[in-house]
Amino acid sequence: MVLLAGDLFHDNKPSRKSIYQVMRSLRQNCLGEKPCELEFLSDANEVFDGAFNIVNYEDPDINVAIPVFSIHGNHDDPTGDGHLCSLDLLQVSGLLNYFGRTPESDRIEIKPILLQKGNTKLALYGMSNVRDERLYHTWRDGGVKFFSPSLQMKEWFNLMALHQNHHAHTESSYLPENFLPQMLDLIIWGHEHECLIDPRENPEMGFKVMQPGSSIATSLVPGEAVSKHVAIVSVTGRDFTVEKLRIKSVRPFIHRELVLAEDDRFRKLAKVKDNKSLLTDKLYKVVNELIEEAKEEWLSIQDPDDPPEETPLPLVRLRVEYSAPDGGKFECENPQRFSNRFSETVANRKDVVQFYRKKTASRKSEFS
């Protein structure tokens, strides 16, 4: 099976081209005559709330070889008339199973999908995205209820997919791990973009957490420059193993910080009068080196027996801290004008460079 922890689409009103490509991919890769060996033990009416309350691989009219189970994220959430989202369309077409709905943010009931293969029993929990502050207070006030299998409770492997902030942006704008029940064995944490695919144990709660991250770089920040992976999780009884697979199709992306006053290539320029052109030329060389580094790193992970026809234009972000030592000055070119120099060699041709000054602590007057 394939498990998605939300944000299959970037927008809750995806373009027709996006829907077409996703439906095409699901049909090509997940439909087929190979029988699905997962025995579905739940009441479908309890865990699905769509037009057809049946797991898709048990539908006699569809041949599903690899079932897909997905919750919704904050980007592909239900809206509008009928409170439908893109996942409802994919479910009604029989291409995936949309579960973990959260129709009421102040009263959430989480019922597992019960699956069995051989002697291994899997309880699959899902909670689609809820606004973080609202979820925090609902959970704190006892408004979240987990249901568990009534028989052979100790034999089930409890797996949960959710889509919330993982780290505290404010006191209540995230989901603390210790809110989750200790009965869980593994949590697949969606929403956060940084790929932290290796399972990390929470020593207080006893469960493990995987954060697969986004499958592409969606913003030019350091966390997005980390290698992107998917994982094959193999569950046997109450144990599991993880095989990491690096995504080779991701556009190359490199993010680098540069402090001019601390770099030997630039430090002396602060004392040079009218140094803008000299500084620009040196930064131009740095960016070109980063472009080559990004390309080489991308090519190094490709299959040598099936080399790509061309290398995609890389994403390059250079953050330049240009505070100068006393008595000096770094004269920086307009960042957009500088970035336009790379319009043929990078994908983010408008914002390659970002100039900023070091923050200085403001002192309050002793008389204030």
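This note comments on the salt bridges of the predicted model.

1. Taking as the criterion a side-chain nitrogen of Lys or Arg within 4 Å of a carboxyl oxygen of Asp or Glu, the model contains 19 salt bridges. Three of these pairs are taken up below, together with the accessibility of their side chains.

2. E46 and K111 are paired in a salt bridge, with 2.5 Å between the closest N and O atoms. Because E46 belongs to helix α2 (residues 44-47) whereas K111 sits in the loop between β5 (108-110) and β6 (113-117), the contact ties together parts that lie 65 residues apart in sequence. Neither end falls into the buried class: E46 is partly exposed at a relative accessible area of 44%, and K111 is likewise partly exposed, at 27%.

3. In the salt bridge between E333 and R341, the N to O distance is 3.0 Å. Here the two partners fall into separate accessibility classes, since buried means under 20% relative accessible area: E333 is buried, at 11%, while R341 is partly exposed, at 42%.

Methods:
Residues numbered from 1 in each chain as written. Predicted model: local features only at pLDDT ≥ 70, side-chain atom pairs only at ≥ 80, totals over all residues. Heavy atoms only, no water. Helix = DSSP H or I, 4+ residues; strand = E, 2+ residues; numbered from the N terminus. Buried < 20%, exposed > 50% of the residue type's maximum accessible area, 1.4 Å probe, protein only.
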